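Reader: I would like to learn how features of a fold are read from the atoms. Could we go through them one by one, with the general idea before the case?

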Amino acid sequence: NLVNASIADWQGGILESEDAGTTWTVPSFWYAYAGPYAYHPNLPNITFTIANQYTGAAVNTVNIAHSDDSGLTWNPVSFGQGNFVAVALDQTDPTTLYVAGTIASEGTSGIYKFQVVYSGGTVASVMRVPGVFNAGLGSTDDIRQLIYSKASGYLYAATAAGVYRSSNQAL
C-alpha cells in the first residue's frame with residue numbers, strides 16, 4: 001500500500017501514501033525536485049530517487065537520495081551541479097545504480113553508474129563509478145527514462161530518438 005510521488009520543491013519535494021494513494025503526507029520537507037523512484041528487489045524498505053536541488057546557483061545541485069524506511073526520510077548524496085532525469089536499480093545486482101542526466105560542473109552527460117554498499121537492511125554508501133557510460137547512444141542530452149529488466153538483464157534508455165538497449169550493463 002506504500003506509494004511515493006514527487007511534487008514541487010516548495011511544497012515539500014516528496015509525497016508518501018500508506019493507503020495506496022487515498023491520502024498523502026509530506027513525511028519530511030525537502031527543498032528538492034525528486035524524480036522517478038527505484039526500489040530494491042529484496043529489501044522493500046530501500047528506495048532510491050534522483051533529486052535536483054535548487055540552491056540559488058545557475059544550475060541545480062544533483063543528488064541521489066536513498067531511503068531506508070520506505071520513503072519516510074531521505075538521505076541525499078551530492079554529485080556536483082547539473083540535472084538528473086532518470087534512475088534505475090539493477091534488479092539482478094542491486095549494488096549497481098544507473099542514473100541519466102547531466103553533471104554540468106564536469107561537462108558530461110549521459111548514463112552514470114553508482115556503486116551502492118549495504119549494511120544489513122540499510123544503505124551504507126553510494127559512490128560514483130568513474131566515467132560516463134554512453135557507448136552506442138545517439139544523443140546523451142535527451143535521455144528521458146531508464147528501465148532495468150530483471151527478466152532479460154537489459155538496461156533500456158528511452159530518448160527522443162528512440163529506445164536503446166544495453167546487454168552489458170552500459171559498458
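Reader: Which residues is A158 in contact with, leaving aside its neighbours within four places in sequence?

Author: Contact here means heavy atoms within 4.5 Å. By that criterion, and with neighbours within four places in sequence set aside, A158 is in contact with D142, I143, R144, Q145 and V163. This is a predicted model, in which local features need pLDDT of at least 70 and side-chain atom pairs count only at pLDDT 80 or more, while totals for chains, interfaces and linings use all residues. Residues are numbered from 1 along each chain as its sequence is written, and side-chain values use heavy atoms, with hydrogens and water left out.

Reader: Where is the place of A158, and does it count as buried, partly exposed or exposed?

Author: A158 belongs to strand β11, where a strand is a DSSP run of E with at least two residues, numbered from the N terminus. Burial is read from relative accessible area (buried under 20%, exposed over 50%, partly exposed in between, with a 1.4 Å probe and protein chains only). A158 has 26% relative accessibility and therefore counts as partly exposed. Separation in sequence and in space can also be set side by side: A158 and A86 are 72 residues apart in sequence and 9.9 Å apart in space, C-alpha to C-alpha.

Reader: In what order do the 3 strands of the open sheet that includes β11 lie?

Author: Two strands pair if DSSP finds at least two bridges between them. The 3 strands form an open sheet in the order β10-β11-β12, with antiparallel pairing. Because β10 and β12 each have a single partner strand, they stand at the edges, and one side of each is left without a neighbour in the sheet. Neighbouring strands of this sheet are turned by 20° against each other on average, direction ignored; the axes are lines fitted to C-alpha atoms, and angles between N-to-C directions run from 0 to 180 degrees. Between β11 and β12 the antiparallel pairing extends over 5 bridges, and T159 has G162 in β12 as its bridge partner.

Reader: What does S149 touch, not counting residues up to four places away in sequence?

Author: S149 sits in the loop between β10 (143–148) and β11, and with those residues left out it touches Y154 and Y156. S149 counts as buried because its relative accessibility is 19%.

Reader: Over how many bridges do β7 and β8 pair, and over how many do β8 and β9?

Author: Strand β7 (residues 96–103) and β8 pair in the antiparallel sense over 8 bridges, with Y98 opposite K113 in β8 and G101 opposite G110. These two strands form a hairpin with 4 residues between them, and G107 in the turn has a positive phi of about 75°. Strand β8 (residues 108–119) and strand β9 (residues 122–128) pair, also antiparallel, over 6 bridges. F114 has R128 in β9 as its bridge partner, and S119 stands opposite T122. The hairpin of β8 and β9 has 2 residues between the strands, with G120 in the turn at a positive phi of about 65°.

Reader: What is the phi of A20, and what is that of S70?

Author: Most residues other than glycine have a negative phi. A20, although not a glycine, has a positive phi of about 60°, and it is found in the loop between β2 (14–17) and β3 (33–39). S70, in the loop between β5 (60–67) and β6 (75–89), likewise has a positive phi, near 60°. Since the relative accessibility of S70 is 18%, it counts as buried.

Reader: What volume does the largest pocket have, and which element gives the largest share of its lining?

Author: Rolling a probe the size of a water molecule over the atoms shows where empty space is left. On a 1 Å grid over the protein atoms alone, points where a 1.4 Å probe fits form a pocket if the set is open, with protein on both sides within 12 Å along at least five of seven lines, and lining residues have an atom within 4 Å of a point. The largest pocket has a volume of about 170 Å³, that is, the space filled by probe spheres set on the points, which are joined across faces, edges and corners. Of its 15 lining residues, A135, L137, R165, S166 and A170 are the closest to the centre. The elements that give two or more residues to the lining are β11 (155–159) and β12 (162–166), and β12 gives the largest share, 3 residues.
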